[in-house]
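Reader: Hello! I am new to this structure and would like to learn how to read it. Could you guide me through a few of its features?

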Amino acid sequence: MTFNAPDVEEFKSCYPGKLATLRHDLIGHPLFEITRLTQLAGALPSQSVEYNAGDLPVSQDPAKTPMNGLSAEETVRRIAENNSWMVLKNIEQDAEYNEILNACLGEIEPTVRPATGVMYKREGFVFVSSPGAVTPFHMDPEHNILMQLRGTKTFRAYPDSADAIITDEQHEAFYGDRGHRNLPYREEFEKYAQAFEMTPGDALYVPVKTPHWVRVGDDVSISLSITWRSNASDREARLRLGNAWLRAKGLHPPAPGASPLRDGVVVFARRVTERLAR
Ligand SMILES: [Fe+2]
């Protein structure tokens with residue numbers, strides 16, 4: 001077992017809507033050593049490797065994110081000194097990483113399925129970061145368990161802040177063609193903050209679209225994100241896209257949840273539109 005069994009029980013009581021901490025035993029696994037990750041960075045297609053300078057402000061304009069001037073492989077190899085932030089995306093493209101991703105997800109699947117149905121779009125991401133690197137304030141569209149493997153990071157999440165931090169228009173834009181994961185950050189959001197000091201062996205379940213930002217500690221950090229989509233994450237995406245369409249037509253859709261019946265109609269209509277488009 002990768003995850004500590006009592007933690008998985010605890011996770012069950014939190015899933016899908018609440019943050020949950022777990023412990024894992026992947027520390028020191030050879031797939032997450034710098035030499036193997038350098039090889040992975042060279043083997044993945046270029047669109048699966050994202051990296052940039054690591055000394056960013058929490059509120060970073062995505063259009064102005066500075067590059068670090070190095071190749072992907074050089075960025076991993078010299079991560080201790082090049083002040084960078086990097087993510088290797090969809091590591092399941094490599095058979096060895098695919099195996100470990102599915103082994104981890106398989107352990108929590110019996111907990112997840114009764115709550116949100118089939119786990120699909122199973123994707124893995126490895127984050128390799130220089131000391132002090134910052135991942136700016138953002139949200140992600142999938143269910144995620146972040147597993148710390150080397151170094152430390154502070155993960156600052158803003159749960160239960162829904163309407164106060166992100167407007168309905170921002171939620172809708174997030175799923176649209178021009179949406180970006182980064183969000184504008186303001187000091188007043190701090191009243192919703194919950195900080196997790198992650199050390200090797202720690203894992204954190206992050207619900208769909210929980211706003212967060214991350215700062216790496218004094219050493220190189222390596223983390224693995226195991227992610228999946230579900231009926232719940234699909235429903236949220238369809239509702240937001242449907243509402244965006246209505247808003248573009250000059251209507252004013254109510255906030256999700258205000259009228260569950262109406263939300264259901266929008267989700268259904270969106271589903272039909274997607275089917276016709278196929
Ligand atoms: Fe994230």
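Author: Gladly! Let us start with pairing: two strands pair if DSSP finds at least two bridges between them. Keep in mind that this is a predicted model. Here, four strands form an open sheet in the order β5-β10-β7-β8, and their pairing is antiparallel.

Reader: Which are the edge strands?

Author: An edge strand pairs on one side only, and here that applies to β5 (134–138) and β8 (194–198). On average, neighbouring strands of this sheet are turned by 15° against each other, direction ignored.

Reader: How many bridges join strand β7 to β8?

Author: Strand β7, residues 153–157, is joined to β8 by five bridges, and the two run antiparallel. To find the place in the picture, look for Phe-155, which stands opposite Phe-196 in β8.

Reader: Thank you. What are the helix and strand counts for the protein chain?

Author: The protein chain has eight helices and 11 strands. For its overall extent, the C-alpha trace spans about 55 × 40 × 40 Å along its principal axes. A compact globule of 278 residues would have a radius of gyration near 19 Å, and the protein chain agrees because its value is 19 Å.

Reader: At what angle do helix α7 and helix α8 pack?

Author: Angles of 65 to 115 degrees count as roughly perpendicular. Helix α7 (residues 231–248) and helix α8 (residues 260–277) pack at about 90°, with their axes 8 Å apart, so α7 and α8 are roughly perpendicular to each other.

Reader: Which residues of α7 and α8 meet?

Author: From α7, they include Arg-235, Leu-239 and Gly-242; from α8, they include Asp-263, Val-266 and Arg-270. By class, the contact of α7 with α8 has five nonpolar, two polar and five charged residues.

Reader: Where can I find backbone details worth a look?

Author: The peptide bond from Tyr-15 to Pro-16 is cis, with omega near 5°. Then go to Asn-90, which has a positive phi of about 50° although it is not a glycine. Asn-90 sits in the loop between β3 (84–88) and α4 (95–116).

Reader: Why does Asn-90 count as partly exposed?

Author: A residue is buried with 20 or more C-beta neighbours within 10 Å, exposed with 12 or fewer, and partly exposed in between. Asn-90 counts as partly exposed because it has 17 C-beta neighbours inside 10 Å. Lys-121, in strand β4 (residues 120–129), has 13 such neighbours and therefore also counts as partly exposed.

Terms used:
Residues are numbered from 1 along each chain as its sequence is written. This is a predicted model: local features need pLDDT of at least 70, side-chain atom pairs count only at pLDDT 80 or more; totals for chains, interfaces and linings use all residues. The radius of gyration is taken over C-alpha atoms; the globule rule is 2.2 Å times the number of residues to the power 0.38. Axes are lines fitted to C-alpha atoms, for helices over the stretch in contact, and angles run from 0 to 180 degrees between N-to-C directions. Angles under 35 degrees count as roughly parallel, over 145 as roughly antiparallel, 65 to 115 as roughly perpendicular and the rest as oblique. Two residues are in contact if their C-beta atoms, placed from the backbone, lie within 7 Å. Ala, Val, Leu, Ile, Met, Phe, Trp, Tyr, Cys and Pro count as nonpolar, Asp, Glu, Lys and Arg as charged, and the others, Gly among them, as polar.
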